[in-house]
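I opened my notebook to write down what I looked up in this structure. The entries follow in the order I made them.

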Amino acid sequence: YENLRFEGSIHFDDFSGVNLYDISVIFPHLDLTEAKLDAEVPFYKRTDNVVAADFKNAHLINLARKGYRPFIDAYINVLILYDISTSKLAFDNISAEWKGKLKLFGNGFVTFVKPPELPTIMFEGGSEYVDADTVINIMRLFLDPDLSKSIFTRDMPDTHYIDRMNVYLNFNLKRANLRGIFADDLSFNLHYNKSLMKIKKLNVNLYNGKLNGTGGFYWGEQPKLSISGKSEGVSLDKLFTHQFGSSPITGTLETNYTLNAIGNTESSLVKTLKIHADFLSRDGELLSYTNILKPISSIGNLISLKKLDFNKSTPYKEIAVDMDYFERNFQFSDFILKADGLSAKGAGAIDLDKKINMKFTIALPGLAGNVLKLPIIYKGTYGINSPYIDPIWLGSIYAGTILLAGPAGATVGGIAGSAVSDYVDRAVDKVSESVQSGWSSMKGKFTQLFSSESNLDEK
């Protein structure tokens, strides 16, 4: 064998994946029924120990996951070399391009050493652009291999390869699409051994900022995912505008986070996902629906705040808030807003069905240097039911429990973010009997405002 030398070439013209059934049967999720390959593959043995095959501009189409439509239309280049002296299968000069989906390059190798030595799988590379979902879908095709299904592998001795192997993955990707979140740069370093995949490094540059993390995924009787890290300098405007077309908040975001989930499937991980994060944003504005101070502008005459106009936005210096996510629910606590001449505290919850229930207390200068505190409520459906001033609080103003600078018949559009007539009715019971008749007359005005203010002013 050592003295043997040869060279040749194989041409694949519209080669059908059906011809590879005895190999593809190993992979229970892979369907090659409609797959086609066109390629020219020179092969040779020019040294004592190495055999090589050079796939040049191989065109692969129509791989499929069983039960799903075929996909992939990619051009692939790779030089495959097997060294019999080291039992090493190398993949050099890898490049793959699927227009609009991925353009990757790299190299790697796999060793097949016998016990007690530990086999190694190592790949490293980069991209000009890559869609993460595309890569994940391709990888899924080759999960859960069963060597007993193929006539070529069923009699191979079990060397407990998976239990012994070390896997190293080191990639630096440009222009990565992570399920709709676009990263200018994504780099990660992973190591797998004995059912534990360690995330040794995760660095992402996105939306003018950075995110990093470490953690791991454990396969076994109780599979689980755990990641922790931080971010800094992320532009909220760029993040939200890219995701939703417009941004309800501007500024830069910092956060520390931990993420945990249990399960070994995507659905189980999503179902059990728990996230804790503390957010800190600086030097921005609250716009549109997040403008928690907008209701105040509508009662400026009532509480002598004519100089404060929050109709368009609320500039802020700093916002801090803690968040916990579990079972489709975001719970926010310790919300603190700092801005020129005012501050706010609050807490509440939003779920994935956009149901919102949050309350904020705004502290701003009142009469004669006193601090005035106003309760702002979000209740109903996010983006539909506007924030409003607590009717009970407003009723207590009218009852005379807070000194007024002007007549109580001022505009009160800000309390009418949603149809809360029942809530107002209960508020009336708490108002002093001495102003019951006056409150009743205002209630009629409230009802008109409820209907007219039930939708957001998008101007």
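Which residues is Thr255 in contact with, leaving aside its neighbours within four places in sequence? I listed Gly229, Lys230, Ser231, Ala277, Asp278 and Phe279. Thr255 belongs to strand β14, residues 252-262. I put Thr255 down as buried, because its relative accessible area is 9% and the cut-off for buried is under 20%. A polar atom of the Thr255 side chain lies 3.0 Å from the backbone oxygen of Asp278.

Next I checked confidence, since this is a predicted model. The protein chain has an average pLDDT of 81, and 80% of the residues score at least 70. Over residues 398-459 the pLDDT is below 50, yet the model has 99 contacts for this stretch beyond near neighbours in sequence. I noted that where pLDDT is low, the predicted coordinates should not be read in detail.

Then I turned to the rings and found a count of 11 aromatic pairs. Tyr192 is in strand β10, and Trp219 is in the loop between β12 and β13, 27 residues apart. Tyr192 is buried at 10% relative accessibility, whereas Trp219 is partly exposed at 35%. Ring pairs join Tyr192, Phe217 and Trp219 in a cluster.

I also looked up Tyr325 and Phe330: their ring centres are 4.7 Å apart and their planes at 45 degrees, so this pair is tilted.

Last, I looked for charges over rings. Lys45 lies over the face of Tyr1, 4.6 Å from the ring centre. Lys274 lies over the face of Phe326, at 4.8 Å from the ring centre.

Note on methods: Residues numbered from 1 in each chain as written. Heavy atoms only, no water. pLDDT = per-residue confidence, 0-100. Contact = heavy atoms within 4.5 Å. Helix = DSSP H or I, 4+ residues; strand = E, 2+ residues; numbered from the N terminus. Buried < 20%, exposed > 50% of the residue type's maximum accessible area, 1.4 Å probe, protein only. Polar contact = N/O pair within 3.5 Å; in protein donor to acceptor, adjacent residues only side chain to side chain. Phe/Tyr/Trp six-rings, centres within 6.5 Å; stacked < 30°, edge-to-face > 60°. Lys NZ or Arg CZ within 6 Å of the ring centre and 35° of its normal.
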